[in-house]
Amino acid sequence: MAEEDGCSSMTEPQLEARGDRAADGMMSTADSITSSESGQNKTDKVDLESNVELEEGARDFNLRQEDVVRQGLFQNEEDDGDSGTDYFNPDMAGTQLKRDECIGDASLPDTFQTNELLYYERFKAYQDYVLGDCKTSEVKAFTADYLEKVLEPCDWQAQWCTDVFDVLVEVVDVNYKELKAQVKLVVPLQCETRGCELTEEAMNTLLEATLHKVPLQELHVVFDESGDFDQTALALEHLRFFYKHIWRQWDDEDEDDDFDYFVRCVEPRLRLFYDILEDRVPAGLVAEYYSLLARCSQKFQEFSSLRNGISSDSESELDNVSMVEGLRMYEQMEALKRKLRIIENPLLRYVLGYKVNSGQQSCRAKGPRVSGGRMVHVVSVSTTVSQLQSLMADKLGPEFSGEEFEVQFHSEPLLAVSACYEGDVVIILPGHYNVTSSISIPDSISVEGFGLPDEVVIEKKNKGDSFVESTGADVKVSNVKFIQHDAIEGILCVRQGKLEMENCVLQCETTGVIVRTSAHLTMNMCDLYGSKGAGVEIYPGSVCSMVGNGIHHCKEGILIKDFADELDTMPKITMVNNVIHNNEGYGVILVKPSDAVPGEAAQEDTPTDEQLDIEEGNKDMKGEGKMQVDVDVPLIVVDDCSVKEPVFYSSCYAVPPEFTEGNNAIKRELVATSAKKQRRQKSMLKELGVTQADDNLLSQEMFVSIQDNQFRRNGMGSFGTFLY
């Protein structure tokens, strides 16, 4: 037990202030934990600065002394079924933690297993017991106070674990402010080394050099069945996890110290850790995050060294140069920190679609065969004679009877695609095919289902970044049904090149179709449903043509990513005769920055319906179809829609106007955003001293053809914007 005079040196106002915060933490409701399990980034889920008056309760709390405080921190609430505090149930005798058996040298005793805590268990510990509503500058003080209340001060054994050795020691004292323990070696020596030899004399010498003090994070409590050291083991685990996965060395230098540190930093970083642990974040994004983290840490160390070397009262030229270099490094570090915050925020991580690995392909294109021939890959687990006869008569004979074609048979679609070279064709016979890894298409090939989409089904069973990933220059997919399970980056991701998809069914479970920057998707007469995100995500600089599709029962129908940044190019979008219905949110949603008052853009930039109406005779895509408007409004090119009349969702019947009114709303908003971006570019050039800019260099044509789409029964309407 911690000594009761541990807080005797504090003044009464300090005790009351600390009591107020601890009481606030203990009275957090179970509803805040339930909302946190959904993984949504809602900062109002915990109200750590409630208007409820807790003055009387806080004073009573201060009077109860530390022994009562300790009981209050860890006892189970009768009406709370949170298993995260079940191991502190005083009615249960003995330890309630598992044993972590030592692997290797049997001379070392077992320790407590504490590294497998659930998300909400750590969430509640940091929110209610460790940090409460502390600010960044108060993190170390609150952590020390928490350890002082729950940590056994002496007479317990632990393994001192480092990269080189694990050795058994006994704790004789704890310095809570320094987060260190004073230890002595257990005799006879019990240790396990890695790549070195360690004697009792050498270990004593090492301890003397460190004044017998070791970091608390490096101590793992020896297992004890009595339960007396459960709280100590868990407290060290929370401390160890916090400084390894949550705390950043630049956090305490944050100039804005008015925010709740738990809400601002702990909760999003904790959520990201468990999302990565549970394979909910693309592998490329995970690699980018840790790369950014390493670069930011290195830049912070360089910046700190440079700052410490500058004299405050010196006016030498060398110090002036160092200050300029320091400012440059500071700006670079702030840019890295902003990128880290985007990835850590679960909402921004999804909505902004952090641009990582946008041009990277998982495997290289093979190109054409050296022999110059082409292969037809037939996929079937088993087939009948009649099916082969039909295949020969209807497909192979009429289309692939030339001498340059050969035929190969495969049992799985993945094997067929992997064996393809440029120009090959994959024909999938009717059947239900299960795949366990992603299908990557780096070459220009054609994948066709021989039958109706519901007869040719490819289902992905396990988790992965994406289901189908296309990077080929000209890929065609038709007559196939894809069923997705747990794909993180979408049921289909067009990273680069061009993909034409026709008469396919996309049954999503997590996310839908993603069209990356510089990629081109043509999607005709397809049916997409079930996405927990957007059915289709359109990135800046991409080309997306959708004609005659059904997009329904998703969280959002179509999401157009932010292209207002100076470095982004505007997407080219064609949406004709699509039926977007029964989505939870909007039919189409545009992501844009919130640096303008909503509605302002509509007043300044948005063209009228008359401006958007183009004469039907203007069909020349090079100039005759361009709309002549004010110089600030970008040029709009309207497609004459020279595609086949869609049959999947035809418009042969009269459609009520309320189902089509979203078409012009989408066009108006896209034009307004484009115009605002163009004005920013002109303003930036003016700041650089360029007074007369060539409008041809500034104007980025935005190819828009949005017409005859139907928006039905979408939860929040046909069109909306997300401001960030």
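Among contacts in the chain (heavy atoms within 4.5 Å) between residues at least 6 apart in sequence, 69% join residues at least 24 apart. The model is predicted: local features need pLDDT of at least 70, side-chain atom pairs count only at pLDDT 80 or more, and totals for chains, interfaces and linings use all residues. Residues are numbered from 1 along each chain as its sequence is written, and side-chain values use heavy atoms, with hydrogens and water left out.

The chain contains 18 helices and 35 strands; these are DSSP runs numbered from the N terminus, helices being H or I of at least four residues and strands E of at least two. Of its 724 residues, 48% are buried, where buried means under 20% relative accessible area, exposed over 50%, and partly exposed in between (1.4 Å probe, protein chains only). Accessible areas come from the Shrake-Rupley method with a 1.4 Å probe; for residues, only the protein chains shown count as cover.

An open sheet is formed by 8 strands with parallel pairing, in the order S12-S15-S18-S21-S24-S27-S30-S34. Its edge strands, S12 (431-435) and S34 (710-712), each pair on one side only. Two strands pair if DSSP finds at least two bridges between them. Strand S30 (residues 579-581) runs parallel to S34 and is joined to S34 by 3 bridges. Within this pair, Ile580 stands opposite Phe711 in S34.

Leu216 lies in the loop between strand S7 (213-215) and strand S8 (219-221). Leu216 counts as buried because its relative accessible area is 0%. Beyond its neighbours within four places in sequence, Leu216 is in contact with Leu147, Leu151, Val174, Leu179, Lys180, Ala181, Leu236, Leu239 and Arg240. Glu237 is 21 residues from Leu216 along the chain, and their C-alpha atoms are separated by 9.6 Å.

Two further sites are exposed. Arg364, in the loop between helix H12 (346-351) and strand S9 (374-379), counts as exposed because its relative accessibility is 76%. Arg364 and Thr471 are 107 residues apart in sequence, with a C-alpha to C-alpha distance of 9.2 Å. Phe409 is placed in strand S10 (residues 405-410) and is exposed, with a relative accessible area of 57%. Together with Leu388 and Val407, Phe409 forms a nonpolar surface patch with about 270 Å² of accessible area.

Notes. Patches are made of residues with over 30% relative accessible area and no salt bridge: like charges are joined within 9 Å, nonpolar side chains (Val, Leu, Ile, Met, Phe, Trp, Tyr) within 5 Å. A salt bridge is a side-chain nitrogen of Lys or Arg within 4 Å of a carboxyl oxygen of Asp or Glu.
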